[in-house]
Amino acid sequence: MVWDMCLVKMTVSNDSEEFVILVDEADRFTGTGPKLETHLEGLLHRAFSIFIFDDTGRTLIQRRAMTKYHSGGLWANTCCGHPRPGESIAAAASRRLMEELGFKADLFFGFHSRYRADLDHDMVENEFVHVLFGVSDAACYPEPTEVSEVDYCHLEDLRDAALCNGSAQTVWLRHYLDTHFDEILELRQKSSLATISNLSTSTYV
């Protein structure tokens, strides 16, 4: 567990008041829906997922707070979330990185990923995901209602073990490691050379 550079900040998000963007299999806008209802019904929606690396190539991972609406206590990649209606992927990613971990980073688009998985609390993740990458050595300030721990880990170690510090990984982290590992390794090498301005305009509604 890494706390030497990670202090606590206090902000609160309300999942019950959030709306997400519903899409088709080509990520085309089809409507909006309440976040919790969308996950209970398993509706396909737009999402993003972020991998932040330090200057040694390790990725920043987080353990989700036990009070999260699903997958509480499990380890995930740096940050994940959903753009709000009318919000771009770039803006949503920057917003959510600050809300969860309290820092900013230059990000760039890596690839799209599509997955569906049944979760706890009768939730279903059914997402078209924009996966983003970046490098940062900034201090982070985890929001305790979102994140219970953070750590840095080599991708190879994450891939080869289903557990991190005794706790299981989220289904989406396993999906990325099992399905996109070679892409992630390649993008780790490119992360220090790109910025969030590389994001495609197709990420805008």
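The structure is a predicted model. Its largest nonpolar core has 25 residues, and a second, separate core has 18.

**Nonpolar cores**
- Within the largest nonpolar core, the residues that touch the most other members are Phe51, Val131, Phe133, Leu155, Tyr176 and Ile184.
- Two or more residues of this core come from each of the strands β3 (45–53), β5 (75–76), β7 (108–118) and β8 (124–135), and likewise from each of the helices α3 (155–160), α4 (171–179) and α5 (181–190).
- The second, separate core includes Phe48, Ile52, Ile89 and Ala105.
- When residues up to four places away in sequence are not counted, Phe133 touches Phe51, Phe53, Asp106, Leu107, Phe108, Gly110, Phe111, Ile184, Leu187 and Ser191.

**Helix α5**
- The buried residues of α5 are Phe181, Ile184, Leu187 and Arg188, and they line one face of the helix because, seen down its axis, they fall within an arc of 125°.
- These buried residues are covered by elements that include β3, β7, β8, α3 and α4, whereas the face turned away from the buried side carries Asp182 and Gln189, which are exposed.

**Asn126 in strand β8**
- Asn126 lies in strand β8 and is buried, because its relative accessible area of 8% is under the 20% cut-off.
- The side chain of Asn126 reaches the backbone oxygen of Gly42 at 2.9 Å, and it also makes a polar contact of 2.8 Å with the side chain of Arg114.
- Apart from neighbours within four places in sequence, Asn126 is in contact with Gly42, Leu43, Leu44, His45, Arg114, Tyr115 and Arg116.

Terms used: Residues are numbered from 1 along each chain as its sequence is written. This is a predicted model: local features need pLDDT of at least 70, side-chain atom pairs count only at pLDDT 80 or more; totals for chains, interfaces and linings use all residues. Side-chain values use heavy atoms; hydrogens and water are left out. A nonpolar core is a set of buried Ala, Val, Leu, Ile, Met, Phe, Trp, Tyr and Cys residues joined through side-chain atoms within 4.5 Å. Buried means under 20% relative accessible area, exposed over 50%, partly exposed in between (1.4 Å probe, protein chains only). Helices (H or I, at least four residues) and strands (E, at least two) are DSSP runs, numbered from the N terminus. Contact means heavy atoms within 4.5 Å. A polar contact is a pair of N or O atoms within 3.5 Å; within protein, one must be able to donate a hydrogen and the other to accept it, and residues adjacent in sequence count only if both atoms are side-chain atoms. The arc is that of the directions from the helix axis to the C-beta atoms.
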